[in-house]
Amino acid sequence: MASDWTNNDNDNNDTALGFSLADVDTTPELLPPGVYPVACTRARVTTSKNNPSTKMAELEETIIDGDGKGRKVWSRYVVAHEKSEVMARGRRDLATAARVYGVAGDDLADFVGRECSASVRSEEHTSELQSQSTISYAV
């Protein structure tokens, strides 16, 4: 069975993109800081790749109206960690999000489909790959 992967000896040039990757602007398009109406569209608990004892609650939120409609924001909250202060901060921040969404209990599925207003700020880092928009909630 033939592979779709190239091994650099492809004579018929079927791997050409038709544009130069060097010409593509890789500057991240961060959301402008502000308050946005969002809906939680997905939620899950994941395990850290680097430390299997670290568990994170992840929320995917979608802006549902106005500027940025359809854009996504992802939030991660450390809910299990060997350092109690890290775990406490993550649990506190997740509990704040839960109150704003009107969620109580212990199942992230309860977030999905709910809406709230979220404050977004941009965080610049030395690497453009690390620049991100972060979300917070006002109770």
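**Note on salt bridges, a pocket and a surface patch**

1. The side chains of E60 and K72 form a salt bridge, with N and O 3.5 Å apart. E60 sits in strand β2 and K72 in strand β3, so this pair ties together parts that are 12 residues apart in sequence. Note that the model is a predicted one.

2. How exposed are the two partners? E60 is buried, because its relative accessible area is 11% and buried means under 20%. K72 counts as partly exposed, at 35% relative accessibility. Salt bridges with shared partners also bring in R42: R42, E60 and K72 belong to one network.

3. How many salt bridges does the structure hold? There are four. One of them joins E58 to R44, and the closest N and O atoms of this pair are 2.9 Å apart. E58 lies in strand β2 (residues 55-63) and R44 in strand β1, so the bridge ties together parts that are 14 residues apart in sequence.

4. E58 also meets R76 in a salt bridge, at 3.0 Å from N to O. Here strand β2 is tied to strand β3 (residues 72-80), because E58 lies in the former and R76 in the latter. The two residues are 18 apart in sequence.

5. Buried or exposed: where does each residue around E58 fall? E58 is buried, with a relative accessible area of 13%. R44 is partly exposed, at 46%. R76 is exposed, because its relative accessible area is 62% and exposed means over 50%.

6. Now the second largest pocket. Its volume is about 170 Å³. The lining consists of V45, L94, A95, A98, V103, A104, G105, D106, D107, L108 and F111. By type, eight of these residues are nonpolar, one is polar and two are charged.

7. Which element gives the largest share of that lining? Helix α1 (residues 84-101) does, with three residues.

8. Last, the surface. L17, F19, L21 and V24 make a nonpolar patch of about 410 Å². V24 is found in the segment before β1 (34-47). V24 is partly exposed, with a relative accessible area of 43%.

Key: Residues numbered from 1 in each chain as written. Predicted model: local features only at pLDDT ≥ 70, side-chain atom pairs only at ≥ 80, totals over all residues. Heavy atoms only, no water. 1 Å grid on protein atoms, 1.4 Å probe; cavity = no way out; pocket = protein on both sides within 12 Å on 5 of 7 lines; lining within 4 Å. Points joined across faces, edges and corners; volume = space filled by probe spheres on them. Helix = DSSP H or I, 4+ residues; strand = E, 2+ residues; numbered from the N terminus. Nonpolar A, V, L, I, M, F, W, Y, C, P; charged D, E, K, R; others polar. Patch = residues over 30% accessible without salt bridge, like charges linked within 9 Å, V, L, I, M, F, W, Y side chains within 5 Å. Areas by Shrake-Rupley, 256 points an atom, 1.4 Å probe, with all protein chains shown as cover. Buried < 20%, exposed > 50% of the residue type's maximum accessible area, 1.4 Å probe, protein only.
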